[in-house]
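New notebook page, new structure.

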Amino acid sequence: MKKTFIVFALFAGICLQAGAQEIEYARPENSPESCTSIMVGRKASTDGSVITSHTCDGNYRTWMNIVPAATYDRDTTTTIYDGLMHTEFVDDRSQWTVKGTVPQARATYRFLNTSYPCFNEKQLGIGETTISGRRELVNRRGMFMIEELERLALERCTTARDAIRLMGELIAGYGYADAGECLTIADTKEVWHFEVFGEGADRTGGVWAAVRIPDDHVGVSANIPRISSLDLADKDRYMASANVFDVAKKLGYWDGKTPFCFWKAYGGGTKAFNIREFFILSSLAPSLNLSYDAEELPFSVKP
């Protein structure tokens, strides 16, 4: 029997309390606290499903629609927009700004169109959390905001790996214009944690990395960069943009000698988790005795 993938698109805040314990923590400057995505590998769920989730609490649109599959003639283009997330109803175009056009695929898949497009007919699903990162990396001259990368991935892809490759090609070719973002990308077999940032004021490209959650593990992203070391020789577990190390050295975020850490280079924070990550991972794996005083937690845990 084919494994079923489940996605939850929840437009509500998430409130986590670790028993009666209150934990004081410092939040990175300009860090949001509105989205949480939890990822579950197929061997960590009771029925073999691969799961991603997305809570979204903010001033985003609340309507949703199903965009049908379509076919297109050769040389057709699709328009890329900014401002899609704050419209009042399906036909509201008042906030839309045209960023440019890219070649359209000959055929597209049906998908669920929410503020952040989240799920297509092939059971490819995407959750999102904003992770901000260094302000100086943002370059608004790039074409793509994160929601439009999600849309094209859902229209054109059937697997998480293909979605990551496509978004990487679009970022390299047309530029990324958003602040730091994390997408949690799942198909019927595996789930990946993808983080992307701009490339700075001098270039309209972008830099990104992705890590696969092991099949028997659970991971979480909650508005803070979490990807640490990258073993790009392990192609089953890691993916990254070709410039991931060069940009960090060029901008002075990494000396090229000490071990490379993605979240330190591009996130610029002092640790790789906040209270939500700590609560979720420590609740799932209490035997690990995780400490909130640590600089990092395990990227994912086996429940």
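What volume does the largest pocket have? I looked it up, keeping in mind that this is a predicted model: the volume is about 510 Å³. Of the 29 residues lining this pocket, Val67, Trp96, Phe111, Asn113 and Arg151 are the closest to its centre. I then checked where the lining comes from: strand 4 (65-67), strand 6 (77-82), strand 9 (111-113) and helix 1 (146-156) each give at least two residues. Sorted by class, the lining holds 12 nonpolar, 10 polar and 7 charged residues.

Next entry: helix 2. I tested its length. Several of its residues are buried, including Ala163, Ile164, Met167 and Ile171. I remind myself that residues three or four places apart in an α-helix point the same way, because a turn takes 3.6 residues. What do the buried residues of helix 2 pack against? I found helix 1, strand 12 (180-186), strand 13 (191-197), strand 14 (207-213) and strand 16 (238-240).

Last entry: strand 14. I count 7 of its 7 residues as buried, so strand 14 is largely enclosed by the rest of the structure. One side has Val207, Ala209, Val211 and Ile213, the other Trp208, Ala210 and Arg212. Strand 14 runs antiparallel to strand 13, with 7 bridges joining them, and Trp192 stands opposite Arg212. Strand 16 is also antiparallel to strand 14, joined by 3 bridges; there Ala210 stands opposite Met239.

Conventions. Residues are numbered from 1 along each chain as its sequence is written. This is a predicted model: local features need pLDDT of at least 70, side-chain atom pairs count only at pLDDT 80 or more; totals for chains, interfaces and linings use all residues. Side-chain values use heavy atoms; hydrogens and water are left out. On a 1 Å grid over the protein atoms alone, a cavity is a set of points where a 1.4 Å probe fits but cannot get out, and a pocket is an open set with protein on both sides within 12 Å along at least five of seven lines; lining residues have an atom within 4 Å of a point. Grid points are joined across faces, edges and corners, and a volume is the space filled by probe spheres set on the points. Helices (H or I, at least four residues) and strands (E, at least two) are DSSP runs, numbered from the N terminus. Ala, Val, Leu, Ile, Met, Phe, Trp, Tyr, Cys and Pro count as nonpolar, Asp, Glu, Lys and Arg as charged, and the others, Gly among them, as polar. Buried means under 20% relative accessible area, exposed over 50%, partly exposed in between (1.4 Å probe, protein chains only). Contact means heavy atoms within 4.5 Å. Two strands pair if DSSP finds at least two bridges between them.
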